[in-house]
Amino acid sequence: MLTWMKRLVASGAMALAIGATGVMVTSPAYADEAKKPAVTAPAATPATAEPAPVLCSEKCNKADTVWMMVCTALVLLMTLPGLALFYGGLTRSKNVLSIGMQCFMVFSLITVLWAIYGYSLAFTEGGPFIGGLDRLFLGGMTPDSVAATFSKGVVIPEFVFMAFQGVFATITCCLIIGAFAERAKFSAILIFMILWFTFSYLPIAHMVWFWPGPDDIKDVASLEAITARAGWLWQKGVLDFAGGTVVHINAAVAGLVGSYVIGKRVGYGKEAMKPHNLVYVMTGAALLWFGWFGFNAGSALEANGSAGLAFVNTYLATAAAVLGWSVAEWVLKGKPSMLGAASGCVAGLVAITPAAGFAGPMGSIIIGLIAGVVCLWGVTGLKKMLGSDDSLDVFGVHGVGGITGALLTGVFADPALGGSGIWDYVANAVAPDYSIASQLWIQAQGVITTLIWSGVVSFIAFKLIDMVIGLRVKEEDEREGLDITSHGETAYES
């Protein structure tokens with residue numbers, strides 16, 4: 001029987017390693033061996049010969065390449081305009097442009113930082129907690145550089161992989177701003193994002209998603225050697241197909257900490273602070289659902305059956321969460337609301353993210369139903385218990401939904417419940433001894449690590465910024481609205 005350390009699992013993001021040829025190569029984590037190309041060895045190759053570099057012009061599959069470029073654009077759409085509209089509609093009218101500007105600027109800032117150093121620190125080999133500098137400034141990358149998919153021998157352009165992972169980083173940072181919307185300094189937000197991206201997002205992404213790859217796995221010994229070079233949580237066997245820990249829990253904790261450190265909005269609990277445009281909210285949620293197909297199905301890194309499973313699970317779980325939230329709200333409050341349906345949509349998307357490539361379709365429906373009900377409690381009962389002014393319920397939806405999805409992944413990945421199980425690269429088959437109890441504990445370790453890591457980094461970053469430039473706008477500026485006081489614009493003519 002293989003131990004968890006000896007069984008490599010499917011992840012929603014690809015890990016990278018520098019091969020002997022200097023070509024950046026990624027590591028498949030969910031095998032589609034039927035697509036493996038035949039390889040014929042040369043008749044007489046000197047023992048000391050370097051392996052020939054893998055070139056995209058020779059090996060990249062055009063269908064996979066196009067699929068990943070489309071998915072990258074879909075994830076971009078999730079932030080601009082999807083998240084911007086969703087968050088903007090939830091704010092008061094005097095702050096809608098400030099949210100849009102924050103999304104635009106944070107997205108652009110993180111995109112540039114990702115190219116300069118983020119991609120390298122997250123997805124090259126270094127240590128168990130952070131990567132190296134082999135791709136600093138994207139050095140060494142060319143149009144012929146390749147990134148492997150989840151099938152041995154199948155590759156996509158590394159530039160495309162880099163961009164796909166980049167838009168994950170951008171939306172993660174943009175999610176945070178909703179927790180302290182309507183009262184934070186624009187400059188403070190930008191500085192915080194630099195610090196948090198560097199010291200929280202990149203290490204968590206590396207810990208969860210990085211490993212050197214399966215191409216050299218021949219036996220148990222080689223598997224153990226490769227696994228020992230992976231990210232810390234990958235070594236433990238944490239399952240996270242597309243970012244339950246890396247994206248949602250990570251961002252939600254940062255937002256919650258920010259809501260405490262920055263403080264409550266002026267008039268919170270005394271004045272009405274209703275969403276100013278539910279049509280924006282509905283449109284933004286629908287765009288998020290649409291773009292999330294790229295987010296989850298794209299995390300298969302190929303146009304294959306794994307992508308198809310993630311696509312269907314994203315479709316089903318989200319619909320189930322809308323029903324779960326709306327029916328629960330109907331029972332508890334007497335009327336189902338558009339705001340509730342849109343919030344349920346996002347809750348389902350969040351919860352299915354870590355399980356998208358692992359759960360079966362019926363499992364995804366159960367995950368969605370549970371997430372809808374639990375996240376409704378997260379934005380009502382739990383929010384009151386925490387006593388925070390999480391303006392747009394980032395923790396209630398992304399934190400609670402992310403934790404729920406991460407833990408339920410450990411349940412519904414079980415092949416006995418229709419899940420995909422864990423791929424054993426030594427036996428080239430699904431491992432037969434799946435244990436829900438063991439995997440739940442592993443998933444819990446991933447959740448706890450992310451909660452603590454992001455919480456500590458966020459608290460230190462917020463406190464440092466508050467000491468240097470201050471986190472919050474003046475009270476009179478907050479009352480007038482950030483659109484005019486921070487950006488000199490108004491969304492609507494009076």
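Colleague: Is Ile-191 buried, partly exposed or exposed?
Modeller: In this predicted model, Ile-191 sits in helix α5, which covers residues 186–209. Its relative accessible area is 36%. Because buried means under 20% and exposed means over 50%, Ile-191 counts as partly exposed.

Colleague: Which helix gives the largest share of the nonpolar patch?
Modeller: The patch has an area of about 1100 Å², and its members include Ile-191, Trp-441, Phe-459 and Ile-469. Nine of its residues come from a helix that spans residues 436–468, and that helix is α15.

Colleague: Which residue forms a salt bridge with Glu-182?
Modeller: The search of the whole structure finds ten salt bridges, and in the one made by Glu-182 the closest N and O atoms are 3.2 Å apart. The pair links distant parts of the chain, with Glu-182 in the loop between α4 and α5 and its partner in the loop between α2 and α3, 90 residues apart. Both residues are buried, and the partner of Glu-182 is Arg-92.

Colleague: How many residues apart in sequence are the parts that Arg-229 and Glu-125 tie together?
Modeller: Arg-229 forms a salt bridge with Glu-125, the closest N and O atoms being 2.8 Å apart. Arg-229 lies in the loop between α6 and α7, while Glu-125 lies in the loop between α3 and β3, so the parts tied together by this pair are separated in sequence by 104 residues.

Colleague: Are Arg-135 and Glu-158 buried or exposed?
Modeller: These two residues form a salt bridge whose closest N and O atoms are 3.1 Å apart. Arg-135 lies in the loop between α3 and β3 and Glu-158 in helix α4, so the pair ties together parts 23 residues apart in sequence. As for accessibility, both Arg-135 and Glu-158 are buried.

Colleague: What is the volume of the largest cavity?
Modeller: The search finds four cavities of 30 Å³ or more. Among the residues lining the largest cavity are Leu-256, Val-379, Lys-383 and Asp-393, and α12, α13 and α14 each give two or more residues to that lining. The volume of this cavity is about 60 Å³.

Colleague: Which element gives the largest share of the lining of the second largest pocket?
Modeller: This pocket has a volume of about 720 Å³, and of its 30 lining residues the closest to the centre include Leu-339, Val-379, Lys-383 and Asp-393. By class, the lining has 13 nonpolar, eight polar and nine charged residues. The largest share is four residues, and they come from α11.

Notes. Residues are numbered from 1 along each chain as its sequence is written. This is a predicted model: local features need pLDDT of at least 70, side-chain atom pairs count only at pLDDT 80 or more; totals for chains, interfaces and linings use all residues. Side-chain values use heavy atoms; hydrogens and water are left out. On a 1 Å grid over the protein atoms alone, a cavity is a set of points where a 1.4 Å probe fits but cannot get out, and a pocket is an open set with protein on both sides within 12 Å along at least five of seven lines; lining residues have an atom within 4 Å of a point. Grid points are joined across faces, edges and corners, and a volume is the space filled by probe spheres set on the points. Ala, Val, Leu, Ile, Met, Phe, Trp, Tyr, Cys and Pro count as nonpolar, Asp, Glu, Lys and Arg as charged, and the others, Gly among them, as polar. Patches are made of residues with over 30% relative accessible area and no salt bridge: like charges are joined within 9 Å, nonpolar side chains (Val, Leu, Ile, Met, Phe, Trp, Tyr) within 5 Å. Accessible areas come from the Shrake-Rupley method with a 1.4 Å probe; for residues, only the protein chains shown count as cover. A salt bridge is a side-chain nitrogen of Lys or Arg within 4 Å of a carboxyl oxygen of Asp or Glu. Buried means under 20% relative accessible area, exposed over 50%, partly exposed in between (1.4 Å probe, protein chains only).
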